Amino acid sequence: MAVEIRKRYLVGDLVLEPKARHLSKGGVPVHLTRKPFQVLLYLVEHHDRLVTRRELLDHFWEGHNVYDETLTKCVGAIRKALDDQTESPRFIETHWSEGYRLVCKVVEEQSIPADPTVIEIERTQGMKIVAKEEGHHNALSVDQKIPPLDSLAGPLTLPAPKRFSRRISIVVIGAVILLSATALYFYRQRAGLSAHPSPPIRSIAVLPLKNLTNDPTNEYFSDGMTDSLITALSNVDGLKVTSRGSVFGFKGEEVDPREVGRQLGVAAVLEGSVMKSGETVRVGVRLVSAADGRVLWSSDPHDRALGDIFALQDEVARRVIAGLRLTLGGEGEERLAKRYTDNVDAYLAYMKGRYFWNKRNGEGLGKAITYFQQAIDIDPNYALAYAGLADSYILKRIYALLQPGETLQQMEAKAKAAAEKALEMDDALAEAHTSLGLIKSALGNDDADIEREYKRAIELNPNYATAHHWYALHLNDVHRFDEAIAEIRRAREIDPLSLVINSDVGIVYTSARQYDQAIEHFQKAMEMDPNFPDAHAMLGWTYVRKGMYQEGISEFEKARALFGSPTSQLDGLIYAYGMSGNRSEALKLLDKLERLTKQHHTQIPWENWLFIHIGLGDHDKAFELLEKALREGSNVKRQLMGPSVDPLRGDPRFHDLQRRVGLAQ
């Protein structure tokens, strides 16, 4: 018996009827053309998960070579019809560069029209039978709940009432037959659906593996294993992997994978533990669905020799990829199987180097350099260790974390030499290209040359948040603000809980002189962590540039206390007091800065001295410093474009400098 099943969806305050291709709100039709209606229906039918852009393009454009803009316009048409906003969606939530998810409540209703009998099927409440005799004054109404179809194990029966007219009996029997046919229909539908494989999962977060030894000296190993898995999975095309900065925010916490998935916007979470004891290691992990907490795959932990660490990592990565229902092509296989060293001792030294590098302080960077160099001494062809050295030296230069006898120029030269050595061995290292981009920026290289390094890094590893982040800052420096915002947002998608990335969104708005938006973003970063010093420091600069000097001074003082360095933020405070007209306090702080730099053998970057001279109103000294920096090949162009030099812009010497560095006046 052919049974026609009519289906409709209640989508928030809308009613969507697929068969009639009809969408309405409060009985009033909502007009959508064919393709947007189909895309909306697909999102409704898959409302329990994120639907990727690639999936929609393949499904509705049959894999033809169409631009992503086609899909964007299609979703835009849906938003316009539903009066839905991208920033605060009521219906469709956009996951940038990944896909879309329906965020409103969806209720599916199915019905089988039968005249005069009406049978309504409500998926969320089982079945409801309403049998009415047309034109009969004593119409029988049987309103009885039947368990959902999934629980029906035998023949479908109804309790017989004590008295039935012959006609009513026929109606009820007909209803029973229809229900039985419906049950059979849904059973076959379910059986048919189960034969089709579930779609692949295209987003994952790897939580920090727990160190089961409870020995802090083994933290480097559990963290290193986590980093290695993140790196391996980041090489899989089409897979979004949350960056280290966000997942390590959950380190040491007992968290629900579903909550992690919600916070990070991923469909799966990998969690587990590692135990290193002498020359043996045991790793146990499980892949969990972020939608419902189901375990998709779990490993069988057993002791392995430490010498098998590379094979163990490869095995876990491949099993995770299989659990995500992803396939690797030839190039993907090659990237996954790639090893940067076959020496376990060199690898362990590298893991220790990254562990200390991630501390981002003077002591940590010093130890990182020691361990990266140790890894290179063991394996002179270890390109990744050279990339680690480059990262360490450039951060020492950026943060001016120098030891007695060290100079900023030495750090720049060592960083550049290490990055170039890494790329000489392996030009496909995204980390080395990213570091070289930052190094070339510090050295004042050509903007196009800097951009090439960042673009190459992103091409090699689209999941590398640092590449997107630093590229955004470069685009910001050259005043390509729209592109800078797009890149910093992409970095934030990959690393949504990164404090520095969330804070640096504000830097872009500050450079664009959009101070209110910048203040809002810095405050959001401080909501994530009130003790994050960078956000307080940048908020201080923004307040001062807006003319809110007391608020800026207050933020500089907070940042100074949090950084803990004797010379930290003194340049900002001098600038703020000077610009506010309190020159005497500014001069006191300048005297203090000069004494401390001599006492601690600390070198202050020339850019900081530039801000100090401008804040004090010493424009002649500021121009002398700019001329000297230009002769020495420093990146003067970047400083001439920034808001901190605005007090110099009316001076003819400023326009002459602009002309000589190739800036339009």
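Me: Which residue in E7 is the bridge partner of Val51?
Reply: First, a heads-up: this is a predicted model, where local features need pLDDT of at least 70, side-chain atom pairs count only at pLDDT 80 or more, and totals for chains, interfaces and linings use all residues. Residues are numbered from 1 along each chain as its sequence is written, and side-chain values use heavy atoms, with hydrogens and water left out. Strands here are DSSP runs (E, at least two residues) and helices are too (H or I, at least four), numbered from the N terminus. E5 and strand E7 (residues 99–102) run antiparallel, joined by two bridges, and in E7 the partner of Val51 is Tyr100.

Me: What is the order of the strands in the open sheet of three?
Reply: Two strands pair if DSSP finds at least two bridges between them. Strand E5 (51–52) and strand E6 (92–95) each pair on one side only, as edge strands. The pairing is antiparallel, and the order is E5-E7-E6.

Me: Which residue takes a positive phi in the hairpin of E2 and E3?
Reply: Strand E2 (residues 14–17) and strand E3 (residues 22–25) pair in the antiparallel sense over four bridges, and Leu16 sits opposite Leu23 in E3. Four residues lie between the strands, and the one with a positive phi, near 50 degrees, is Arg21.

Me: And in the turn of the E3 and E4 hairpin, which residue has a positive phi?
Reply: E3 also pairs with strand E4 (residues 28–29), antiparallel over two bridges. Ser24 has Pro29 as its bridge partner in E4. Two residues separate the strands, and the one with a phi of about 60 degrees is Gly26.

Me: Are H16 and H17 roughly parallel or antiparallel to each other?
Reply: Axes are lines fitted to C-alpha atoms, for helices over the stretch in contact, with angles from 0 to 180 degrees between N-to-C directions. The axes of H16 and helix H17 (residues 481–494) come within 8 Å and cross at roughly 160 degrees. Angles over 145 degrees count as roughly antiparallel, so that's what H16 and H17 are: roughly antiparallel.

Me: Which helix gives the largest share of the lining of the largest cavity?
Reply: Helix H15 (447–460), helix H16 (465–477) and helix H26 (636–641) each supply at least two lining residues. The largest share, three residues, comes from H26.

Terms used: Parallel < 35°, antiparallel > 145°, perpendicular 65-115°, else oblique.
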